[in-house]
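Please keep the structure in view while reading the points below.

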Amino acid sequence: MCLIDSYVGGRLRHRAHRVSRDGDRHVLTVELRDPETGLVAEVTYRSPDGVPVLRSEVVLRNGGEAALYLESVSSLAVGCLADGPEAIGGADLLWAENGWVAECRWPRRPMRVTSPVLSDRVVVYDSGKGEFTQTGRGVWSSCGRLPMSGLTNRHSARTWLWQIEHNGGRHWECGERDRLAYLALFGPTDAHHGWRHPLEPGDAFRTVPAALSFSADGGPDAAFAALTHYRRAHRRPHADHRHLPVIFNDYMNCLMGDPTTDKLLPLIDAAADAGAEYFVIDAGWYDDEMGGWWTTVGAWEPAASRFPGEKGIHEVLDRIRERGMVPGLWLEPEVIGVDSPMAKSLPDEAFFRRDGVRVTETGRHHLDLRHSAARAHLDQVMDRLVGEWGVGYLKLDHNIDPGSGTSAHPGETPAAGLLGHNRAQLDWLDGILGRYPHLVVENCASGGMRWDHALLSRLQLQSTSDQQNLRLYAPIAASAPTAVTPEQDAVWAYPQPEDSLDEVAFTMASALLGRIHLSGLLFRICGPRPGPWCTRPSPCTRPSVPTCLRPSPRGRSACRPGTTRGSPWPCGPPPPSTSPSGAARQRVHDEPSPASPPRLRRSRRRPLPHREPGRRRLEPRCRRPHADAAHSSVRRAAPPHPHAAGRVLNRR
């Protein structure tokens with residue numbers, strides 16, 4: 001369903017505009033008004049100095065005397081992406097497929113596949129309503145596809161890239177109208193999410209932001225570079241973006257959610273020897289049932305059975321500090337397990353509800369962060385872990401999709417409740433980082449299922465994948481900087497005792513494309529004196545852990561400036577003096593397909609995908625498939641307006 005046509009949008013007329021500056025940003029504000037309903041639209045465009053990226057958001061105000069009911073409001077609507085049949089015929093659409101353990105795959109398709117030629121010299125049609133659309137639903141903002149796409153000309157290299165900066169439901173459409181290629185970007189809509197919003201006289205509604213990047217002749221490479229510079233300019237400043245410390249996390253191809261004091265202490269020593277600067281204890285540290293961590297989350301107290309010593313978990317945290325590292329913990333703050341004591345102590349109003357019933361998804365409830373009790377609970381947890389325990393790193397995960405949203409009161413659509421929760425989540429994160437500015441927070445959701453700029457403009461790192469195969473991870477690591485700045489791009493490096501030296505080098509080189517996230521049973525990797533785990537012929541000649549893994553101070557200092565200042569790797573390799581990882585170059589390809597793994601010299605050949613001997617297979621954390629909900633039936637829209645797209649129902 002095409003959303004760019006509406007009667008109200010067609011009646012909007014220019015009333016005023018203002019040009020101003022906001023620091024290093026140029027600002028243009030355009031005010032439009034519908035004389036029939038009194039609806040006022042204030043469209044604000046911002047663009048940083050020297051960066052060809054435009055950021056847009058719209059505020060609607062009801063200046064009339066009757067209530068209005070919003071069903072869709074565009075954040076940005078433009079009609080200049082390609083001018084004329086020849087330009088449209090040479091245009092390719094770009095988008096990023098984003099599946100679990102198969103993130104950030106960029107196919108391309110001719111625009112004429114979805115917007116075919118409809119007119120000749122005798123008959124002219126304005127629109128065939130065959131636009132290309134993509135929709136994201138639920139709390140996983142990037143499940144299935146990233147909230148960004150693009151349009152590039154195969155001949156001239158003229159390229160546009162766009163991103164919807166929202167951590168919830170969104171929709172975009174790109175098609176042909178009046179022989180122009182148009183683009184319209186939305187948050188949630190009635191047609192695709194069941195979203196509606198009442199606008200009483202005097203009330204206002206703000207859309208989710210969206211950004212548009214442009215390159216006149218540099219192709220996708222230059223447009224991605226511009227978007228990267230924009231992302232750096234439009235995020236919360238943090239020291240982590242400059243220093244880029246190496247992080248060890250005990251989950252991937254390692255403890256896999258089963259941490260104990262006995263298992264962690266040798267890992268801490270090995271991680272310190274390998275050069276890690278942060279040590280993160282991942283899932284399971286609160287699970288007293290030894291395997292029930294999925295349904296017991298919520299109270300975030302350490303399990304005495306896992307940390308039985310007199311000091312409990314603080315024995316482990318103190319060892320981390322003694323070895324010169326900063327301790328970190330894994331949390332899934334928005335969920336409460338059905339077996340958690342918090343499921344009974346918090347009121348029903350603090351959770352997602354539909355039809356007055358608390359939503360339960362795979363043994364878990366979902367907090368509604370608009371409610372004061374939900375916010376107070378999480379603030380208490382943060383104050384204890386960060387303020388009292390001295391934890392300096394939090395990995396915030398999210399492994400369920402609770403569906404369409406929540407209805408906090410009669411008449412509120414679930415999608416409207418979800419939008420309210422999405423915005424409350426951002427406000428809560430701002431508050432946490434305001435109280436603890438030193439805290440480093442990693443964004444994660446079953447790998448890369450929450451990959452959006454609304455969260456990444458606040459949080460310091462993005463988990464890129466749960467992929468356990470080092471060869472299949474390489475193309476994910478190479479293309480991830482198209483969706484996040486390289487310095488926020490957390491890439492696993494998980495050398496194993498049975499790996500060859502080439503495989504160890506390969507997994508480490510992949511991590512150099514972004515932020516090094518060490519894992520794996522490092523203490524079992526043999527040194528000059530092999531341990532009982534070594535299966536290699538005696539005498540073993542493998543180097544020790546520090547020799548294999550620890551980057552030299554010179555190499556590390558040379559790599560970091562290139563990561564913090566450089567463009568993503570599709571923009572070409574930076575000079576060798578600034579980043580040894582710049583030699584990796586991932587091109588946008590024709591159709592989604594698994595990447596062919598490189599042949600590693602002297603490496604053992606393994607079937608792909610493979611399951612390593614002795615490694616636990618990673619099961620999907622969310623067992624509910626992402627359903628493509630049926631679209632709601634809505635009234636047909638009317639002719640387009642070049643400045644605004646949306647639908648408003650005037651009910652008198």
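**Helix α10 and its surroundings**

Helix α10, residues 372-388, comprises 17 residues and reaches 22 Å from its first C-alpha to its last, close to the 24 Å expected at 1.5 Å a residue. The model is a predicted one. The points below begin with this helix and proceed to the cores, a sheet, the cysteines and the salt bridges.

- The buried residues of α10 are A373, A374, H377, L378, V381, M382, R384, L385 and V386.
- An α-helix has 3.6 residues a turn, so residues three or four places apart point the same way.
- The cover over the buried residues of α10 includes the strands β19 (326-331), β20 (335-337) and β25 (393-396), together with the helices α9 (342-345) and α11 (414-435).
- Just after α10, G390 adopts a positive phi of about 80°.

**Nonpolar cores**

- In soluble globular proteins, nonpolar side chains tend to be buried together.
- The largest nonpolar core contains 86 residues, and those with the most contacts inside it are F248, F279, W285, L329, L331 and L394.
- A second, separate core of 41 residues includes V8, L68, I164 and A181.
- Leaving aside residues up to four places away in sequence, L331 touches W285, W300, V381, M382, L385, L394, K395, L396 and D397.
- Among these contacts of L331 are V381, M382 and L385, which are also listed among the buried residues of α10.

**A three-stranded sheet**

- An open sheet of 3 strands runs in the order β20-β24-β23, with antiparallel pairing.
- Strands β20 and β23 (360-361) stand at the edges with a single partner strand each, so one side of each is left without a neighbour in the sheet.
- The antiparallel pairing of β20 with β24 (residues 364-366) extends over 3 bridges.
- V335 has H366 in β24 as its bridge partner.

**Cysteines**

- A disulfide is a covalent bond between the sulfur atoms of two cysteines.
- A search of the whole structure finds 0 disulfides.
- C174 is buried, with a relative accessible area of 0%.
- C254 is likewise buried, with a relative accessible area of 12%.

**Salt bridges**

- Side chains of opposite charge can pair when their charged atoms come close.
- A search of the whole structure finds 42 salt bridges.
- One of them joins R177 to D5, with the closest N and O atoms 3.6 Å apart.
- R177 lies in strand β12 (residues 170-177) and D5 in the segment before α1 (7-11), so this pair ties together parts that are 172 residues apart in sequence.
- Both R177 and D5 are buried.
- R323 and D273 form a salt bridge through their side chains, at 3.0 Å from N to O.
- R323 is in the loop between α8 (313-322) and β19, while D273 is in helix α7 (residues 261-273), so the pair ties together parts that are 50 residues apart in sequence.
- R323 is partly exposed at 32% relative accessible area, and D273 is partly exposed at 34%.
- A further salt bridge links the side chains of R450 and E334, at 2.7 Å from N to O.
- R450 belongs to the loop between β26 (440-443) and α12 (453-456) and E334 to the loop between β19 and β20, so the pair ties together parts that are 116 residues apart in sequence.
- R450 is buried with a relative accessible area of 3%, and E334 is buried with one of 2%.
- Salt bridges with shared partners join R46, R55, E57, E165 and R206 into one network.

Key:
Residues are numbered from 1 along each chain as its sequence is written. This is a predicted model: local features need pLDDT of at least 70, side-chain atom pairs count only at pLDDT 80 or more; totals for chains, interfaces and linings use all residues. Side-chain values use heavy atoms; hydrogens and water are left out. Helices (H or I, at least four residues) and strands (E, at least two) are DSSP runs, numbered from the N terminus. The expected span of a helix is 1.5 Å times one less than its number of residues. Buried means under 20% relative accessible area, exposed over 50%, partly exposed in between (1.4 Å probe, protein chains only). Contact means heavy atoms within 4.5 Å. A nonpolar core is a set of buried Ala, Val, Leu, Ile, Met, Phe, Trp, Tyr and Cys residues joined through side-chain atoms within 4.5 Å. A disulfide is a pair of cysteine sulfur atoms within 2.5 Å. Two strands pair if DSSP finds at least two bridges between them. A salt bridge is a side-chain nitrogen of Lys or Arg within 4 Å of a carboxyl oxygen of Asp or Glu.
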